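Dear colleague,

I am handing over the structure we spoke about, and below it you will find what came out of a first look. Please read the notes with the coordinates open beside you.

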Protein chains: 2
Amino acid sequence: MRYSPLHKADVRQRIIRTASYRFRSEGMDAVGIANLMADLGLTHGGFYSHFRDKEALVAEACRHGFDELQQRLAGVLDAVPPEQRLAALVQHYLSLAHRDRPDDGCVAAALGGEMARRDQPSRQAFTAGIEAQLALLQECVPPGEKGSAPTPCVALALMVGALLLSRAVSDPALSQRFLEEATRALAPPGQA
Amino acid sequence: MRYSPLHKADVRQRIIRTASYRFRSEGMDAVGIANLMADLGLTHGGFYSHFRDKEALVAEACRHGFDELQQRLAGVLDAVPPEQRLAALVQHYLSLAHRDRPDDGCVAAALGGEMARRDQPSRQAFTAGIEAQLALLQECVPPGEKGSAPTPCVALALMVGALLLSRAVSDPALSQRFLEEATRALAPPGQA
DNA sequence: TTTTTAGCATGATGGCCATCATGCTAAGGG
DNA sequence: CCCTTAGCATGATGGCCATCATGCTAAAAA
C-alpha cells in the first residue's frame, strides 16, 4: 500500500465527487475515465480497482449528487418556519444560481434525460434519489393543505421541467419566465 | 448528378428524419455520422455536402422533431371541442405510449438536458420549437379561464418534467404516478 | 455524343473511448 | 529487516468519433 490504509477510500470518494460534478456539467458520455482520473492527478490504470466499470461510477455519482442536494435543501428548510418551507425550497430550486450551476445542482434536471437510456444500476440509484426528493417535498406540505396543493410528484415534475427548460432555451427572457411562472405556481405570493 | 435532380433534397430529408428519431432514442452524442448514414444505405463521405457539420444536423433534426409533434398535436386538438382541448392534449402527451416511444415523441423531454450543453444553432432551433409549443398551449386555454389556470410555461414545464421523470425512473409504479398526477393537475376530472 | 459536374464512396488523419494485462514501488505485516 | 501485497502507472487492444481530401461514375448540359 503506497499511501495510508484510508487513502483508497479517500481516492474513491474523490473520484465519485469529481465525476458527480463533471457528469452534471458535461454529460455522462462526454466524460472519459482517463480524463476524469487526470483531474485527480491519477491515470486510468487504477480506476478499475475502485469500480467494476463506468456504469458503477455513474450510479455512485448519482447517489452522491442527490445526497448533496438533499443536505443543502434540508439546511434551507431548517432555517425557515414550517409554513414557508415549500416556498423556500421552490425559490432555492428555481433560482438563477441553480440554473447557472448545473454541476452543483439537481441530478434529475441535469441528467434525467440520459438516465432514461442507462442500465439498471444507474437507474435504480436515480430512482432512490427521486424518492428521497419526493419524501422531502412531502414534509414541506403543511398539515392543513387540502386537495388544492400540488402533490409531491407534481411539484417535483414542475420544478425539474422548469429548470431543465430554463437551461436549454437560448432566449434569456424565456428562460426567466419558466423559473418565475413555475415559482408562482408552486409558491403563490398571496399566501402566508 | 447520379440520381434525379430532386434526390439530393430527398436524401437530405431522409438524413434529418432518421437523425431525428435516433437522436431522441439514443442521445445525440451516441449517434455517429458514419453509423447514421449507414442506416440510409450510404457512407459518411457525402454527409458534409448536405450539412456543414454535425451541429447543423442537430439543429435540423430538432426542428423536424418539433414540427412532427406539433402537427400530431394539432390533429388531436382539431378532433375535440374547444373546452376539452387542453385535457386532450395533456392526455396525449402524458400517455404510456408517449413515454415508451421517446424516438417518436417530444424533443424537449428526450433531449432537453443535452440541449443545454449544445452550441447556439441547435439551442436556437430548440427554443423556436418550445415557443411553438407554448403558442399551441396558449390556444388550448378556453377564453373564460382566469388566473387559476396554469400558464403555458407552467403547463409545458410540468408536462416535460413528468414525462422525463416517468422515463428515467426504474420503478413502474412511480413512473405511472408521475404521468397520472401531472395529468390530474393539468386536466382535473371534475371539469367540463 | 462528348464534356462537365454533382452526389456519393473510399480512405486517411488525429483523437478519444472503455477495458484488460502487466509492472513498478512503497508501505504494512511478519 | 525482509517480503508480501495493494495501489497505481504504463501500455496495448479494438473500436468509434468528426472531419477533410480525393476519386469514381453517371446524369445533365453542350
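A residue is called buried here when its relative accessible area is under 20%, and exposed when that area is over 50%. By that criterion, 49% of the 192 residues of chain A count as buried. Please keep in mind throughout that this is a predicted model.

On the fold, chain A contains 9 helices and 0 strands, so that, read from the N terminus, its elements run α-α-α-α-α-α-α-α-α. The C-alpha trace of chain A spans about 60 × 35 × 30 Å along its principal axes.

As for the surface, the accessible area of chain A comes to about 9000 Å², and 53% of it belongs to carbon and sulfur atoms. Chain A carries 21 positive and 22 negative side chains, with the centres of the two sets lying 4 Å apart.

The aromatic side chains deserve a separate paragraph. A pair of aromatic rings is described by the distance of the centres and the angle of the planes. With centres within 6.5 Å taken as the condition for a pair, the count over all chains comes to 6 aromatic pairs. One of them is formed by A:F47 and A:F51, whose rings are tilted, at 5.4 Å centre to centre and with 35 degrees between the planes. A:F47 is buried, with a relative accessible area of 0%, and A:F51 is buried as well, at 3%. In chain B, the rings of B:F66 and B:F126 have their centres 5.6 Å apart and their planes at 65 degrees, so this pair is edge-to-face. Because B:F66 lies in helix α3 (residues 54–78) and B:F126 in helix α7 (residues 120–140) of chain B, the pair ties together parts that are 60 residues apart in sequence. B:F66 is buried at 3% relative accessible area, and B:F126 is buried at 0%. Returning to chain A, ring pairs link A:F47, A:Y48 and A:F51 into a cluster.

Technical notes
Residues are numbered from 1 along each chain as its sequence is written. Chains are lettered from A and ligands numbered from 1 in the order in which they are written. This is a predicted model: local features need pLDDT of at least 70, side-chain atom pairs count only at pLDDT 80 or more; totals for chains, interfaces and linings use all residues. Side-chain values use heavy atoms; hydrogens and water are left out. Helices (H or I, at least four residues) and strands (E, at least two) are DSSP runs, numbered from the N terminus. Buried means under 20% relative accessible area, exposed over 50%, partly exposed in between (1.4 Å probe, protein chains only). Accessible areas come from the Shrake-Rupley method with a 1.4 Å probe; for residues, only the protein chains shown count as cover. Lys and Arg count as positive and Asp and Glu as negative; His and the chain ends are not counted. The place of a charge is taken as NZ of Lys, CZ of Arg, CG of Asp or CD of Glu. Rings of Phe, Tyr and Trp (its six-membered ring) pair if their centres lie within 6.5 Å; planes under 30 degrees apart count as stacked, over 60 as edge-to-face and the rest as tilted.
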